[in-house]
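Hello,

Here is the structure I said I would pass on. Please have a look before you read my notes under it.

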Amino acid sequence: MAYSVLLVEDDEQIREVITDYFAAKDGVISVKTAEDGDKGMELIHNNEYDLILLDVMLPGTDGFSLCRYIRAESSVPILFLTARGREEDKLYGYDLGCDDYMVKTFSLAELYAKVNAILKRSKGMTVSKVMTCGKIFLDPVKMTVMADGNAVELPPKEYEILKYLMEHRDCVVGRDTLLDRVWGYDYFGADRVVDNHIKKLRKAMGPAGSQIKTVISKGYKLTD
């Protein structure tokens, strides 16, 4: 399977280095580029991509605004590549719905490995049957969610949290576990990001959101 990746980056040298590195690999991942946020938005609006690599500080539309725009329209995975390495910037990026966050400078080998991991994770969430818990139904093949008979559109992080809770229904799942499974083992941000996404997930699920129980000092549990 071939994957299409869009790199939105204003530094020409970085665009060329990343594009050349990926092209020199096995050719499975094709990288298209945009030199500013406005061009990136145009390409995203008119094309489909399997993954988007975003700088934050871009001419025109900045990366955070572009991420917000993407999440309003699509669940395509987003990986930030930026010099802004403060914890508050990372948390803001995750709150906007990004899937990962890399701070410059990083090795090309690490970037390639992360891109492969995200693509495999986003394309590999398939099992044979719909999962159910109370009034919640999740189809991991179609990546759809129903709650109280209504279709629910979830951003990637909320979807992955719900899927993991569905897979471990009636079990207490700790915040650290969710960080590892949803954000990745190399994520070192505060675990309060989990609480923020759980809050958003409950709201999106409507009355069925009450099935996600808080277990004080331990984590969360999905019940009937």
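Below is what was found, starting with how to read the values.

This is a predicted model, in which local features need pLDDT of at least 70, side-chain atom pairs count only at pLDDT 80 or more, and totals for chains, interfaces and linings use all residues. Residues are numbered from 1 along each chain as its sequence is written, and side-chain values use heavy atoms, with hydrogens and water left out.

**Salt bridges**

Side chains of opposite charge can pair when their charged atoms come close. The count here is 14 salt bridges (a side-chain nitrogen of Lys or Arg within 4 Å of a carboxyl oxygen of Asp or Glu). Helices and strands below are DSSP runs, numbered from the N terminus (helices: H or I, at least four residues; strands: E, at least two).

Take Asp-99 and Lys-157. Their side chains meet in a salt bridge, at 3.6 Å from N to O. This pair links distant parts of the chain, 58 residues apart: Asp-99 is in the loop between α4 (87-96) and β5 (100-103), and Lys-157 is in helix α6 (residues 156-167). Both Asp-99 and Lys-157 are buried (under 20% relative accessible area; exposed is over 50%, partly exposed in between; 1.4 Å probe, protein chains only).

Helix α6 also holds Glu-167 and Lys-163, four residues apart, about one turn of the helix. These two form a salt bridge, with 2.6 Å between the closest N and O atoms. Glu-167 counts as partly exposed because its relative accessibility is 39%. Lys-163 has a relative accessible area of 11%, so Lys-163 is buried.

Asp-195 pairs with Arg-175 in a salt bridge, the closest N and O atoms being 2.7 Å apart. Again the pair links distant parts of the chain: Asp-195 sits in helix α8 (residues 192-205) and Arg-175 in helix α7 (residues 175-183), 20 residues apart. Asp-195 is partly exposed, because its relative accessibility is 26%. Arg-175 is buried, at 19%. Elsewhere, salt bridges that share partners join Arg-84, Arg-86, Glu-88 and Asp-89 into one network.

**Around Asp-99**

Why is Asp-99 counted as buried? Its relative accessibility is 3%. Leaving aside neighbours within four places in sequence, Asp-99 is in contact (heavy atoms within 4.5 Å) with residues including Arg-71, Val-76, Tyr-94, Glu-160 and Trp-183. The C-alpha atoms of Asp-99 and Ser-4 are separated by 17 Å, and the two residues are 95 apart along the chain.

**The largest pocket**

The largest pocket holds about 810 Å³ of space. A pocket is an open set of points on a 1 Å grid over the protein atoms alone, where a 1.4 Å probe fits, with protein on both sides within 12 Å along at least five of seven lines; lining residues have an atom within 4 Å of a point. Grid points are joined across faces, edges and corners, and the volume is the space filled by probe spheres set on the points.

It is lined by 35 residues, and the closest to its centre are Glu-73, Ser-74, Ser-75, Val-76 and Pro-156. Elements that each supply at least two residues of the lining include α2 (37-46), α5 (108-123), β8 (144-147) and α6. Helix α3 gives the most to the lining, with five residues.

Best wishes
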